[in-house]
Amino acid sequence: LLLFKGSHLAYSHYPRPDLRARIDSDILIAREHRELVDEIFRADLGYDAPTKLSGELSATQTMYVKYEEGTEVHVVDLHWRLASPQVFAQVLSFDELYEASTPLPALGAWARGPSNVHALLIACMHRVAHHHDEPDRFKWLFDIDLVASRFTPAEWASFADVVLDRQVSAV
């Protein structure tokens, strides 16, 4: 599994994780692990999963909610695709992201997140796919700036290659 979006950036790019406002943790898994991870969240970890539409084209994630003494204490959005809009859903595969992923040692030996190149592409896609109509919400723009400001010349070249490759693939 990979932490991504705000959860990942909080531990990889922000000086302190509490500085990245978020209401959930976004986790990306390989599609074939959905049933196994669902069992772990429900049976082993005690999360509830509210009913959601399912289907190959309509569902790209499941939300899990952890309650303690009747109070919501944590939400996990478990994704098997990057985004809900189909134009973005399969831009990067889990295998591609995991192969280039980097460790998040503050969370433990198991924790990994996307490379800087992939984190920037995800942040840009997320802003356009889900928050394009929120002009007064700057955290996603700040994420983009924070990731991009750390890029090396080699990462910019790699980013250009990834974007161009996806653009040609989409045509």
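A contact here means heavy atoms within 4.5 Å. This is a predicted model, where local features need pLDDT of at least 70, side-chain atom pairs count only at pLDDT 80 or more, and totals for chains, interfaces and linings use all residues. Residues are numbered from 1 along each chain as its sequence is written, and side-chain values use heavy atoms, with hydrogens and water left out.

**View 1. The whole chain and its contacts.** Among contacts between residues at least 6 apart in sequence, 55% join residues at least 24 apart. Of the 171 residues, 44% are buried (under 20% relative accessible area; exposed is over 50%, partly exposed in between; 1.4 Å probe, protein chains only).

**View 2. The salt bridge of Lys-5 and Asp-26.** Their side chains pair up at 3.5 Å, N to O (a salt bridge puts a side-chain nitrogen of Lys or Arg within 4 Å of a carboxyl oxygen of Asp or Glu). Lys-5 sits in the loop between β1 (2–4) and α1 (6–12), and Asp-26 in strand β2 (residues 25–28), 21 residues apart. Strands are DSSP runs of E, at least two residues, and helices are runs of H or I, at least four, numbered from the N terminus. Both partners are buried.

**View 3. The salt bridge of Arg-20 and Asp-143.** Here the closest N and O atoms are 2.7 Å apart. This one ties the loop between α1 and β2 to helix α6 (residues 139–148), bridging 123 residues.

**View 4. The salt bridge of Arg-16 and Asp-18.** The closest N and O atoms lie 2.8 Å apart. Asp-18 is exposed, at 53% relative accessible area, while Arg-16 is partly exposed at 45%.
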